[in-house]
Amino acid sequence: MLKHLICLMLAAFATQALAEGHRIVTVAEGLELPWGLAFLPGGDMLVTERPGRLRRVATDGTLSEPLAGVPEVFFRGQGGLLDVVLHPHFAANRLVYLSYAHGGPAANATRVARGRLGAEGLEEVEVIFTVTPTKRTPQHYGGAMAFLPDGTLLLTTGDGFDYREEAQNLTSLLGKTVRIADDGSIPADNPFVGRGDAAEAVWSYGHRNSQGLTVDPASGRVWQHEHGPRGGDELNLLRPGANYGWPAITYGMDYSGAYVSPFTELPGMEQPVEHWVPSIAPSGLTVYRGAAFPQWQGDLFLGALVDREVRRLRLTEGRVAEQEALFSELGERIRSVDVGPDGCLYLLTDDAQGRLLRVEPG
């Protein structure tokens, strides 16, 4: 009996020790500036490359030729092909959604298109949403997408860099999180529907440049992060209709060293759940809900481009109680962080010879 108990205890300890460690496996390489990742039924993955290519990665790591049907993108500055998400009923309708920079140097904007995934690529591709107004800068597109439990789609837009005041202008879609139906139409219950002084697609506003957006499948909470200027990167818990302050309030300074605003808080404007000074340049965002790493259950993971690492954030009562730097041994800029169906973490490295990596127990 005692021997059996000891064996059970040793087995439990071994399992815990395995879960507390990790190993990083290269799944695919040779990706040019990869940005977004989506998991297909059966184990294959879709990866976007910012110059305008969509690739399929097989379960054995084989990288496909660029898939057909991808719209032409404006690849300059921070622009290009950005995020990719699957329709919640992808298994039935095969719909894939892409966000990307569209237009040219004098007039460009964030756009969303969708198409059906076929044998050679996307078919029946249609543009379903374009941010207005256009801008003349090749920066701050936002571009992160996530489906809500009700089947509507959220998209972050960015403030266009030189147009930061537009983030507080409700008639403009710059510096916003927008909410659309899966066909691009405007849901009737959006917070500003029926108001003549606001764009009806707006779901939240006062954002600078959000490249991270995720919906917790357990709670339905919507988490977002955004780049500050010199400092002032933010993690936010989004609520419909809420104002997150940029540029009226910020914890960052302008690149010139001047104040963007003398205020870090004002009535009617939300405070971030966490902010970083100096900047970490957050990228990618996911909530861990999986079985491979039980000790990470419910934690947030995001890339930190400046520090070349991933940050794990443990939340307690809606606040960040603990931060941990992970995977700095890679020495690479991490663009995307996602949880796979197998419970492993998947990372995309931000490089002209980027890699798709899997973090698994070990």
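# Pockets, rings and loops

Trainee: How do the residues of the lining of the largest pocket divide by class?
Mentor: There are 23 nonpolar, nine polar and five charged residues in that lining. Nonpolar covers Ala, Val, Leu, Ile, Met, Phe, Trp, Tyr, Cys and Pro, charged covers Asp, Glu, Lys and Arg, and the others, Gly among them, count as polar. This is a predicted model, where local features need pLDDT of at least 70 and side-chain atom pairs count only at pLDDT 80 or more, while totals for chains, interfaces and linings use all residues. Residues are numbered from 1 along each chain as its sequence is written, and side-chain values use heavy atoms, with hydrogens and water left out.

Trainee: How much space lies in the largest pocket?
Mentor: About 1,000 Å³. A pocket is found on a 1 Å grid over the protein atoms alone, as an open set of points with protein on both sides within 12 Å along at least five of seven lines; a cavity is a set where a 1.4 Å probe fits but cannot get out, and lining residues have an atom within 4 Å of a point. Points are joined across faces, edges and corners, and the volume is the space filled by probe spheres set on them.

Trainee: Switching to aromatics, how many pairs does the structure hold?
Mentor: Nine. One of them is Phe-39 with Tyr-346, edge-to-face at 5.1 Å centre to centre and 70° between the planes. Phe-39 is in strand 2 (residues 34–39) and Tyr-346 in strand 22 (residues 345–349), so this pair ties together parts 307 residues apart in sequence. Pairing needs ring centres of Phe, Tyr or Trp (its six-membered ring) within 6.5 Å; planes under 30 degrees apart are stacked, over 60 edge-to-face, and the rest tilted.

Trainee: Are Phe-39 and Tyr-346 buried or exposed?
Mentor: Both are buried, that is, under 20% relative accessible area, where exposed is over 50% and partly exposed lies in between (1.4 Å probe, protein chains only).

Trainee: Which residues form an aromatic cluster?
Mentor: Tyr-288, Phe-293, Trp-296 and Phe-301 form one. Tyr-288 is buried at 0% relative accessible area, and Trp-296 is buried at 6%.

Trainee: Backbone next. Which residues does a cis peptide bond join?
Mentor: Thr-132 to Pro-133, with omega about 0°, and Val-277 to Pro-278, also with omega about 0°. Pro-133 is in the loop between strand 8 (122–130) and strand 9, and Pro-278 in the loop between strand 16 (274–276) and strand 17. Most peptide bonds are trans, and most residues other than glycine have a negative phi.

Trainee: Which residues other than glycine have a positive phi?
Mentor: Ala-281, near 60°, and Glu-317, near 50°, are among them. Ala-281 is in the loop between strand 16 and strand 17 and is buried, at 12% relative accessible area. Glu-317 is in the loop between strand 19 (309–316) and strand 20 (319–326), and is exposed at 80%.

Trainee: Last one: how many helices and strands does the protein have?
Mentor: Two helices and 23 strands.

Technical notes
Helix = DSSP H or I, 4+ residues; strand = E, 2+ residues; numbered from the N terminus.
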